[in-house]
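Subject: Structure for you to look at

Dear colleague,

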Amino acid sequence: MISSLDIRANRESLTETLRTHGYVALRGHDIDKTAIRNFQQLAENFFALPLSTKAQYFDPNNGALAGYLRIPGGDDHYSSDVCEFWNVLCPTQLSDKSYLRPQNPWPSEINHFKETSLALYSQADALVHELLGHVSATLTSDANYLPGLIDDSWTALRMMHYPPASAEVAAEKLRGQEHTDITMLTLFLGGTDEGLEILDADGHWQPANLAEGEVLIACGEMLERLSNGLFRAVPHRVVQSPESVKKQRFSFTLFVAPRPEVSLAPLAQAIEQNGPDAKYEDISSGQYLAQRIGLGVVELVAGLRAALDQEIAHSETHLAANTAN
Ligand SMILES: [Fe+2]
C-alpha cells in the first residue's frame with residue numbers, strides 16, 4: 001500500500017511523509033474530478049486523430065516542450081512500445097525572458113482544447129505551489145522560495161497515450177522502464193488503467209493504485225539536489241499484464257521544473273540539516289536537463305520528428321498498396 005494523506009488534516013505531516021517515502025497520495029485537494037475527466041476526453045479525442053493531423057503539432061523547433069511528441073517503440077528510457085504525448089507548457093508569461101519559451105499550440109480539430117487544458121493546469125499548479133511552499137519552509141527561511149522558481153518555467157502538464165502494444169513486445173517488456181524523474185516534483189493526476197509502481201524505501205515495488213479523487217506526488221531529482229538528499233527522487237515504472245497491453249492506456253501528469261537558469265546547488269539550510277557538505281554540484285536546471293537527456297535536445301527532437309515522418313510515409317505506402325489491391 002502507498003501512503004495516503006488528506007491534505008486538509010495533515011498539512012504539517014505532509015513534508016515529513018514526502019521526506020520519508022519520496023511520494024504520497026493526496027486527497028482533500030481542490031483539483032476537480034470534472035477537470036481531470038474533461039482533460040481525459042480531450043486526450044481520447046486528440047489521440048484518435050489521424051497521424052498526419054497530429055504530426056502538424058510536432059514542432060522540432062520548440063524542443064517538443066509544447067504540443068505533440070511521439071516516441072517510436074524500442075529500448076528507450078520511456079517505453080517498450082510506441083507512445084505519444086501532448087505537453088501543455090506553463091502558460092504564465094511573467095518575465096522578460098518569457099519570449100524564449102515556445103508558445104503552446106492548440107489543436108483546432110478539438111473543441112475547447114485550450115480552456116479545458118488550462119483549467120486543469122491552473123488547479124494542478126495551485127496545489128503544487130502549496131506543496132512546494134510547505135517543502136520550502138523546511139529547507140529555507142522563505143516559504144515562497146521554491147514556489148517562486150516554477151512561475152514562467154518549463155513545468156508541463158502532459159497527457160500520455162500508450163496504444164495497444166504490438167504482440168511481440170507484449171510478453172516480456174515493461175511499458176515504462178524503471179526511472180526517476182528529472183523534475184522537482186511530479187504530480188500524477190490519474191489515468192485509465194493500473195500499472196504504475198513505486199519503489200519504496202525498503203526496496204519493494206508498491207502498486208500506486210489511487211483511490212477515487214486521489215493524486216500522487218513524487219519527488220524528482222531536482223528536489224533531491226536542492227534539498228541535499230533530504231527528499232529522494234523516487235524510482236517508478238509502469239508494468240503491464242497480458243490483458244492490459246491489449247488496451248490503450250492514458251495517463252495525465254504535471255512535471256514540475258524550475259526555470260532553466262535556476263541553480264540546483266543544495267540550499268544552505270539543507271546542507272546544515274543533511275551535511276556536513278554539499279552532496280551535489282552547482283548546475284543550472286537547464287544544463288542538468290541537457291546532461292540527463294544525454295543527447296542534445298535539438299538532436300533528440302529532430303530524430304523523433306524524422307521517425308514520425310518515416311512512420312507517416314510508411315502508413316501512406318501501406319494505404320496506397322491496400323487501395324491498389
Ligand atoms: Fe516518470
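At roughly what angle do the axes of helix 1 and helix 4 cross? Before the answer, please note that this is a predicted model, in which local features need pLDDT of at least 70 and side-chain atom pairs count only at pLDDT 80 or more, while totals for chains, interfaces and linings use all residues. Residues are numbered from 1 along each chain as its sequence is written.

The axes of helix 1 (residues 11-21) and helix 4 come within 10 Å and cross at roughly 75°, where axes are lines fitted to C-alpha atoms, for helices over the stretch in contact, and angles run from 0 to 180 degrees between N-to-C directions. Helix 1 is therefore roughly perpendicular to helix 4, a term that covers 65 to 115 degrees. Helices (H or I, at least four residues) and strands (E, at least two) are DSSP runs, numbered from the N terminus. Arg11, Leu14 and Thr15 of helix 1 make the contact with His134, Val135 and Thr138 of helix 4, and two residues are in contact if their C-beta atoms, placed from the backbone, lie within 7 Å.

The largest nonpolar core has 71 residues, and among those with the most contacts inside it are Leu187, Leu216 and Ile217. Such a core is a set of buried Ala, Val, Leu, Ile, Met, Phe, Trp, Tyr and Cys residues joined through C-beta atoms within 7 Å, and a residue is buried if 20 or more other C-beta atoms lie within 10 Å of its own. Helix 4 (residues 113-139) gives the most to this core, with 9 residues.

Strand 10 (residues 215-219) has 5 of its 5 residues buried, so this strand is largely enclosed by the rest of the structure. Val215, Ile217 and Cys219 point one way from strand 10, whereas Leu216 and Ala218 point the other way. Strand 10 pairs in the antiparallel sense with strand 2 (residues 23-27) over 4 bridges, and strands pair if DSSP finds at least two bridges between them. In that pairing, Tyr23 stands opposite Ala218. Strand 7 (residues 185-191) also pairs with strand 10 in the antiparallel sense, over 4 bridges, and the bridge partner of Leu187 in strand 10 is Ile217.

Elsewhere, 4 strands form an open sheet in the order 6-11-8-9, with antiparallel pairing. Strand 6 (176-179) and strand 9 (205-207) stand at the edges, each with a single partner strand, so one side of each is left without a neighbour in the sheet.

With best wishes

Note on methods
Buried ≥ 20, exposed ≤ 12 C-beta atoms within 10 Å, placed from the backbone. Parallel < 35°, antiparallel > 145°, perpendicular 65-115°, else oblique.
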